[in-house]
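This briefing is intended for a reader new to the structure displayed below.

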Amino acid sequence: QVQLVESGGGSVQAGGSLRLSCAASGSTGRRNYMAWFRQAPGKGREGVACADTGGGNTYYADSVKGRFTISQDNAKNTVYLQMNSLKPEDTAMYYCAAGVSCSWYGRVFLHPTDFGYWGQGTQVTVSS
């Protein structure tokens with residue numbers, strides 16, 4: 001089992017920054033890939049960033065590339081999402097997830113079914 005707890009969400013003006021944290025516990029073997037998803041009201045869950053925790057590779061959705069950075073602190077069992085140059089369209093509930101792959105499916109970045117463990121989410125609101 002894996003437990004994930006997100007924190008760091010909040011309200012910020014456009015152009016601002018936030019850093020989300022995801023504290024992980026439980027089986028390390030099930031945390032080989034750590035990702036951040038987001039879901040805005042009335043929309044599906046969207047992959048934002050993903051990290052191969054063993055190889056160190058990181059991957060991003062086109063919509064956040066160059067603005068968001070996923071990183072990890074293995075000593076703290078924590079994954080971060082640094083979000084800079086935030087836009088109103090970044091407003092969503094952000095979820096941390098642990099799974100088996102950081103993959104593109106055609107033009108879709110990440111699929112929720114590749115991730116078996118989820119946090120409860122943290123709200124990010126960006127005002128214009």
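The side chain of T78 reaches the backbone oxygen of K76 at 2.8 Å. This is a predicted model, in which local features need pLDDT of at least 70 and side-chain atom pairs count only at pLDDT 80 or more, while totals for chains, interfaces and linings use all residues. Residues are numbered from 1 along each chain as its sequence is written, and side-chain values use heavy atoms, with hydrogens and water left out.

- T78 lies in strand 8 (residues 78-83); a strand is a DSSP run of E with at least two residues, numbered from the N terminus.
- T78 counts as buried because its relative accessibility is 10%, where buried means under 20% relative accessible area (1.4 Å probe, protein chains only).
- Beyond its neighbours within four places in sequence, T78 is in contact (heavy atoms within 4.5 Å) with S21, C22, A23, S71, Q72 and D73.

**Strand 4 and its partners**
- In strand 4 (residues 33-39), 5 of the 7 residues are buried, so this strand is largely enclosed by the rest of the structure.
- Strand 4 runs antiparallel to strand 5 (residues 46-52), joined by 6 bridges; strands pair if DSSP finds at least two bridges between them.
- Strand 4 is also antiparallel to strand 9, through 7 bridges, and F37 stands opposite Y95 in strand 9.

Conventions:
Helix = DSSP H or I, 4+ residues; strand = E, 2+ residues; numbered from the N terminus. Buried < 20%, exposed > 50% of the residue type's maximum accessible area, 1.4 Å probe, protein only. Polar contact = N/O pair within 3.5 Å; in protein donor to acceptor, adjacent residues only side chain to side chain.
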